[in-house]
Amino acid sequence: MKLPKFLNTRLGFFSLLAILFWVKNICAYLFEFNLGIESVRQYFILFINPIATTLFLLSIALYVKRPKVSYITMMVIYFLMTLLLFANISYYREFTDFITINTILGAGKVASGLGESALRLFRIHDVLYWLDFVVLIVLFARKKITMDERPVRARMALAMSTLSVMIFFGNLFLAEVDRPELLTRTFSRDYLVKYLGINAFTAYDGVQTYQASQVRAEASPNDMDEVANYVSDHYAAPNDDLYGIAKGKNVIYIHLESTQQFLIDYKLKDENGVEHEVMPFINSLYHDNQTFSFDNFYHQVKGGKTSDAETLMDNSLFGLNQGALMTQLGGKNTFESAPNILEQVDGYTSAVFHGNDGTFWNRNETYKHWGYDYFFSKEYYDVNEDNSFQYGLHDKPFFEQSAKYLEQLQQPFYAKFIAVSNHFPYSQFTGDEAGFPLAQTDDETINGYFATANYLDSAVEEFFNYLKASGLYENSVIVLYGDHYGISESRNTSLAPLLGKTEDTWTSYDDAQMQKVPYMIHVPGQTKGGINHTYGGQVDALPTLLHLLGVDTTNYIQLGQDLLSPEHDQVVAFRNGDFVSNKYVYHKGSLYDTATGTAIAEPTAEQQQEVDSLKDQVSQQLATSDQINSGDLFRFYTKSGLKELDTTQFNYKDAETQLKEAAEKAGADSTSVLSQNNGVSTADLYKTQTYQEIHGTATADSEAAEK
């Protein structure tokens with residue numbers, strides 16, 4: 001066999017290695033990883049993303065003039081890139097995730113993740129990832145390929161490096177077009193690999209890890225003392241009449257994706273002027289005296305969006321000013337999170353239910369550091385093209401399929417359900433679920449928003465019906481919260497006519513009001529609820545809930561305050577430093593009177609003094625949160641009495657077996673609904689309805705078919 005003469009040149013051999021590694025990457029992308037490719041553009045990006053880093057790394061060898069050293073350098077770089085790729089393949093088969101620098105640095109985890117996994121999950125076709133090394137050695141030994149004695153000109157080497165950089169920025173540009181803020185928000189490691197490749201992801205993760213470790217290394221116990229003093233000075237004692245009214249009850253969080261407060265009690269007019277109530281069931285909860293409802297509750301997220309909301313609700317800490325805490329620090333830091341507190345104080349079991357990939361927002365690692373016992377992600381659900389979209393399983397099948405796991409949790413439990421259907425682009429439903437009218441604006445995103453919100457509402461109603469039928473309802477506290485805006489600020493002027501305003505009368509004050517999201521704590525059996533007008537935000541949720549559960553928070557580090565406390569200060573900090581209080585709204589440099597929305601163009605000396613004081617208060621709260629997170633300060637804190645969390649005890653694989661083992665261990669004392677029902681599942685009690693059935697518009701044929 002005669003090989004092309006070009007392969008006997010240094011650039012020829014360089015090109016051969018580049019092509020071989022590109023083929024390996026593409027095979028891994030298509031056959032080993034589940035990257036969720038959804039469009040032709042994403043396929044194109046996937047096919048080009050290995051090129052830039054491969055050329056750049058291999059080009060290092062072109063600067064070496066001595067031929068033997070240059071060829072050896074090329075082969076070593078090629079070997080290391082292949083090793084990194086194959087290590088990720090092995091790791092992904094076991095953990096459905098990619099290797100981070102922290103994973104590599106953790107010797108024990110590397111041993112289990114790469115050693116055992118590679119041997120136990122080895123596939124016969126894995127030989128193909130290494131076969132080329134054998135072939136190349138044979139070709140060199142038989143002199144089918146020979147070393148080129150001529151050095152590569154420095155200009156040529158530099159040109160190759162420059163070309164690789166240009167290709168990378170072109171790749172990055174296409175990635176940002178398809179997934180804006182890819183690097184600043186870091187949604188998921190899957191996304192980074194899909195858009196930029198394994199090599200670029202590893203380099204990016206390395207930079208982030210280094211930056212975080214530098215800040216962490218400089219932190220000291222004295223920093224934690226400063227934080228503790230701040231928290232103590234801002235502690236709000238609980239309302240004596242409400243403290244402990246939900247003692248020992250299960251906690252069920254329902255995450256209302258992209259749901260804003262203006263949807264509460266909202267009725268959408270169709271093209272014929274007929275009004276349609278968007279969220280009738282949630283509205284009924286909102287006005288129920290068994291529910292503590294808040295009409296001045298604001299989301300406080302930034303780039304991390306949904307993950308920031310989870311951080312705030314579970315930890316009473318803010319997310320980061322840039323990027324997402326869960327992806328950058330969630331799998332590294334120490335936390336005092338709700339599931340860990342409730343487990344150690346009152347013996348709660350904890351679980352998260354989410355019909356999307358476990359790696360999204362790094363949940364599969366972060367939840368371990370927060371103390372969640374179980375995480376039921378996409379792999380635990382029957383997900384197909386008909387019942388899902390790009391962000392996961394639709395809400396109705398999600399809640400329904402979750403029932404068989406929920407009934408097996410030992411009580412009391414802390415369970416969080418992350419619904420996703422009411423998510424951009426709000427065009428998810430066709431067929432039986434279609435029917436709610438679209439809004440009549442020039443913006444298709446706004447038009448579909450109300451229909452997906454209505455779907456979410458009916459899904460929540462079905463879930464409540466199941467809770468009542470299964471016997472869980474009476475012994476549970478059910479918390480519903482909106483995580484962040486659904487209609488982005490740039491679209492608010494298009495939304496304005498539906499809210500009784502015009503584009504000309506819409507102000508920055510209105511933008512601030514659009515950050516209101518629903519927050520409801522439904523406690524069956526008590527009648528002290530109602531609509532509370534206190535100004536608060538997501539950072540206040542955890543101390544509010546813990547006080548209702550009768551948990552003393554005096555020694556916990558929580559930056560929020562109990563919303564039901566008479567001592568609550570009613571200042572809501574936004575992540576960018578803007579704020580809302582019961583007296584002033586400060587948004588994008590403009591000041592308004594909270595009650596009237598009137599702009600205060602020239603504040604009096606007294607007003608300016610009050611505003612400056614509020615700005616300082618907001619700045620201090622945000623700075624304290626950043627100090628805790630960047631320095632990982634909880635590792636120094638012992639006053640809470642919480643034992644150090646062993647994250648290695650959590651394994652989110654095969655949760656069904658773990659649930660059964662927990663029931664067997666409890667024996668006759670098992671408190672799960674399934675055990676209390678003598679092993680008879682309550683999942684069959686779950687009933688779902690189509691839009692037409694709910695609204696009484698089903699045809700006789702469809703009713704007969706349903707029966």
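**Charge pairs and a charged patch**

I began in helix H16 (residues 363–370), where Lys368 and Glu365 are 3 residues apart, so about one helical turn separates them. These two form a salt bridge, and I read 3.7 Å between the closest N and O atoms. I checked their cover as well: both Lys368 and Glu365 are buried. A reminder to myself: this is a predicted model.

Next I asked how many salt bridges there are by this rule. The count comes to 17.

Then I looked up Arg150, which has a salt bridge with Asp148, the closest N and O atoms being 3.1 Å apart. Is Arg150 buried or exposed? Arg150 has a relative accessible area of 55%, so I noted it as exposed.

My next entry is the pair Asp510 and Lys501, a salt bridge whose closest N and O atoms are 2.8 Å apart. Asp510 is buried at a relative accessible area of 10%, whereas Lys501 is partly exposed at 26%. I also found a network: Glu310, Asp314, Arg363 and Lys416 are joined by salt bridges that share partners.

I followed up on Glu656, which lies in helix H23 (residues 655–666). Its relative accessible area is 35%, so Glu656 is partly exposed.

Key. Residues are numbered from 1 along each chain as its sequence is written. This is a predicted model: local features need pLDDT of at least 70, side-chain atom pairs count only at pLDDT 80 or more; totals for chains, interfaces and linings use all residues. Side-chain values use heavy atoms; hydrogens and water are left out. Helices (H or I, at least four residues) and strands (E, at least two) are DSSP runs, numbered from the N terminus. Buried means under 20% relative accessible area, exposed over 50%, partly exposed in between (1.4 Å probe, protein chains only). A salt bridge is a side-chain nitrogen of Lys or Arg within 4 Å of a carboxyl oxygen of Asp or Glu.
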